[in-house]
Amino acid sequence: MPRHGAAMRHGSNPRLLLRTATGAAHDRVDAAFGGFDLATRDGYTAFLRAQADAFLPVEAAIDRTIALASDMLDDWPQRRRSDALRADLADLGHEPTAMTAAPAIASREALLGAIYVLEGSRLGGTMLARRVPAGMPRRFLTAADPDRWRKLIQILNRALVTQEQQAAAIAAACDVFARFEEGAQRFGRTLPVE
């Protein structure tokens, strides 16, 4: 749940606002994914399947609604990582099994909130890739691009000006974080790697 009091204090800095308001949700996702052993083939495969459970439906929803912000985010096709995730899973002998429904993205602000989470996960992926043994596919985790992150921050600063815009972005980001948490819990506890 967004910490609105903290969020409104940071209203002039949308990135800080999003980070503060989604901090608890982000922490829960980190804790849920922290249970995967990336040093083993089975653990890494389960991790990627859990990522795919949320990532693929969210990215598909963004694909369907990117026209809402195509004037601001013209590099969306280069930001996509679904193909890399599918390729990594294929290399491990699996196809993604997305059980999570795609979110409804009804505004530019919600779109930016969802993209904020996916792009933030790209930054974290670089750190996680270090735990994956040599020889394992890492396209999904090593697709970092600091320039695109900086561009996104500039877009957030221009687009999330009012409290209503900020609230819509926060709600969407929290929804996406919740989907990742659910995927981690589902694949971490109930779906063994075959």
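This briefing covers the salt bridges of a predicted model. Local features need pLDDT of at least 70, side-chain atom pairs count only at pLDDT 80 or more, and totals for chains, interfaces and linings use all residues. Residues are numbered from 1 along each chain as its sequence is written, and side-chain values use heavy atoms, with hydrogens and water left out.

The count comes to 17 salt bridges (a side-chain nitrogen of Lys or Arg within 4 Å of a carboxyl oxygen of Asp or Glu).

**Arg80 and Glu59**

- Arg80 pairs with Glu59 in a salt bridge, with the closest N and O atoms 3.3 Å apart.
- This pair links distant parts of the chain, 21 residues apart.
- Arg80 sits in the loop between α5 (76–79) and α6 (82–91), while Glu59 belongs to helix α4 (residues 41–65). Helices are DSSP runs (H or I, at least four residues), numbered from the N terminus.
- Glu59 is buried at 0% relative accessible area, whereas Arg80 is partly exposed at 29%. Buried means under 20%, exposed over 50%, and partly exposed in between (1.4 Å probe, protein chains only).

**Arg122 and Glu119**

- A salt bridge joins the side chains of Arg122 and Glu119, at 3.0 Å from N to O.
- Both residues lie in helix α7 (residues 108–129). They are 3 residues apart, about one turn of the helix.
- Arg122 is buried, with 4% relative accessible area. Glu119 is buried too, with 2%.

**The network**

- Arg148 forms a salt bridge with Asp145, with 2.9 Å between the closest N and O atoms.
- Salt bridges link Asp74, Asp75, Arg79, Glu119, Arg122, Asp145, Arg148 and Lys151 in a network.

How values were computed. Helix = DSSP H or I, 4+ residues; strand = E, 2+ residues; numbered from the N terminus.
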